[in-house]
Every structure is written in C-alpha cells, then in structure tokens.
Amino acid sequence: MNQPKKTLTWPEALPRAGNRRLERLESLSPWFEIYTVSEGVFAVLEPSHTEEVISYLILGSEHAVLLDTGMGIANLQAEVERLADLPVNVVASHGHYDHIGDNHRYAEVWAFDSDSDVARIEQGKTLEACVEYMDPDLYLELPPDFDPATYEIRPSRVTRRLHHLEVLDLGERSLTVHHTPGHTEGSICLLDSRDNLLFTGDTFYPGMLFAHFEESVFDMYRKSIQYLVGLLPQVNHLCPSHNEAYVEKTALIRVQAAFEQVVADAVPFEIKGNDRVYHFDGFGLMLPA
C-alpha cells in the first residue's frame with residue numbers, strides 16, 4: 001500500500017497553497033489575513049493560532065452573512081465594517097469556541113436548529129475553560145492589546161434557528177443551508193447560488209478531521225460527506241473553515257473514499273491517547289479508540 005505523503009503542519013506550512021492563489025487585502029489588525037475569494041466574498045484568516053480558523057464575509061446587494069466569527073482574539077467586526085456597508089447577520093457553521101468568538105458583537109446570530117450547538121453558542125466559555133487554548137505553543141505573535149490571561153468566549157443569543165435547505169436571500173445572491181451533522185449535531189454547510197461556492201465549515205477542511213468528540217457521530221459524518229459529494233455538480237470549489245480558503249472540490253471524493261476504507265477496516269491507524277488517528281493525503285481523521 002502506498003503511504004500518505006508527509007505534509008507540513010502549522011506553522012511550517014504557512015502560507016498555505018490554497019491561500020497563496022487568492023488576492024490578499026490589507027487588514028486593520030496583523031492578527032488577520034484577508035483574501036478575496038470571489039467578487040463580494042472575503043475570507044478572514046487567523047493563521048497565527050494553530051486552529052488556523054477562517055471566517056467568511058458573503059455580500060449580497062441588500063444583506064451580508066458573516067459565516068462564523070473566529071476566535072475573538074482581535075476585533076473581527078472592525079474588519080468586516082471596512083468591507084461591507086450592509087446589514088450583517090452572523091451564521092454559525094457550528095457551536096465550537098473557535099468559530100463564535102466575536103458573536104457577542106452582533107445583534108443577529110443564526111445557527112442550525114440543534115439544542116446542543118445553540119447551547120454552546122449561548123453559554124460561551126469561561127476563562128477557566130479557555131486556558132487550554134492559550135498555551136504559548138499554540139500561537140505566534142498575539143495582538144498587542146490582547147491579554148491571553150483574560151481570554152474567554154462571551155455568550156451570545158441565537159436569534160434565529162436555521163433548517164435544512166432553508167434559503168437565505170441576500171439580494172442577487174442566496175445561500176442554501178445544508179445540514180451536515182457528524183462533527184457536531186448542528187453542523188451546516190452553505191451553498192452559494194451566484195459563484196457556486198460550497199462553504200464546508202468543519203465538515204471538511206484540509207487537515208485533521210475531528211469525529212472523536214463526545215458530540216460527534218462518525219456514521220452521521222460519513223453520510224454527510226456522501227451527501228456533499230452529491231452536491232458537487234453544483235459546486236465550483238470548496239471554502240473550508242480552517243487552513244485554506246480555496247480547495248478543489250474533488251477533495252470531497254477522496255474523503256468519501258477514505259471514510260469507506262475506515263468503515264471497512266481497510267486502512268491503518270495509530271493510537272494516541274484514547275483516539276484512533278488515520279492519515280490520508282491532504283487530511284486525516286480522528287475517532288474514539
């Protein structure tokens with residue numbers, strides 16, 4: 001069997017190939033890197049933390065959607081206001097801490113109709129719970145006005161619960177909500193009507209895919225990947241929420257094949273702590289042991 005090619009990891013991999021192909025814009029804070037994905041679509045990256053999280057600002061003619069709000073380490077809202085002179089509604093791809101950090105700055109926060117994900121958003125995370133995310137080995141240079149000892153995820157109220165196949169009309173652009181559970185119960189992807197972009201959240205990104213959390217269900221995750229593969233005729237390319245803001249859509253086909261290998265117990269893995277870790281070309285998978 002051919003062994004997966006060794007891939008560089010953070011921070012040696014910076015800047016990543018999928019981002020280098022996009023036009024980079026100036027940002028107010030050096031914490032962010034901002035790229036133009038297509039006309040009216042901007043990726044806001046936080047590559048100086050090992051999470052390498054990406055938020056997306058998606059503009060219509062009447063409204064804008066901010067898909068996720070990152071880690072809350074620097075002021076994302078200030079960057080968004082420079083790019084969009086429109087009403088902005090936040091849509092959460094799911095409820096994990098690194099995607100909801102600046103939710104509290106916005107009046108409208110939308111999430112899928114999942115009690116568990118909504119609860120994570122509305123509860124936030126305390127200083128004590130966030131300590132593990134601020135180990136010095138996990139980040140490069142922080143913004144000068146940020147104190148990691150005070151880092152917390154402030155609670156935010158979910159003002160609208162979204163549903164599968166609901167269409168968000170932004171004016172001359174719409175986003176269709178696709179429920180893709182597995183990573184979390186309420187994970188979603190958004191399909192853009194104008195440029196055929198598929199925003200995959202944490203359901204797929206080029207990196208280690210996590211299905212080992214207590215709330216994760218691998219069988220649902222597998223079905224979600226199969227479902228997304230079925231959408232590919234409508235898709236130009238993928239816009240994941242970690243690492244790279246441009247990924248060829250064929251990556252989902254490779255993930256589907258890899259998940260089937262895992263189900264068939266036809267691929268090796270290593271044990272790390274209480275988890276099984278699988279390595280494939282360009283991504284990996286973590287499951288409970």
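Visitor: What share of the contacts with a separation of 6 or more comes from residues 24 or more positions apart?
Guide: Those residues account for 61% of such contacts in the protein, where contact means heavy atoms within 4.5 Å. Bear in mind that this is a predicted model, where local features need pLDDT of at least 70, side-chain atom pairs count only at pLDDT 80 or more, and totals for chains, interfaces and linings use all residues. Residues are numbered from 1 along each chain as its sequence is written, and side-chain values use heavy atoms, with hydrogens and water left out.

Visitor: Okay, how many helices and strands are there?
Guide: The protein has six helices and 18 strands; these are DSSP runs numbered from the N terminus, with helices being H or I of at least four residues and strands E of at least two.

Visitor: Which residues of α5 meet α6?
Guide: From α5 they are F218, Y221, R222, I225, Q226, L228 and V229. Their partners in α6 include L252, I253 and F259. The residues of this contact divide into eleven nonpolar, two polar and two charged. Here Ala, Val, Leu, Ile, Met, Phe, Trp, Tyr, Cys and Pro count as nonpolar, Asp, Glu, Lys and Arg as charged, and the others, Gly among them, as polar.

Visitor: Switching topic, how much of the protein is buried?
Guide: Buried residues make up 55% of the 289, buried being under 20% relative accessible area with a 1.4 Å probe, protein chains only.

Visitor: And what does the C-alpha trace span?
Guide: Along its principal axes, about 55 × 45 × 40 Å.

Conventions
Buried means under 20% relative accessible area, exposed over 50%, partly exposed in between (1.4 Å probe, protein chains only).
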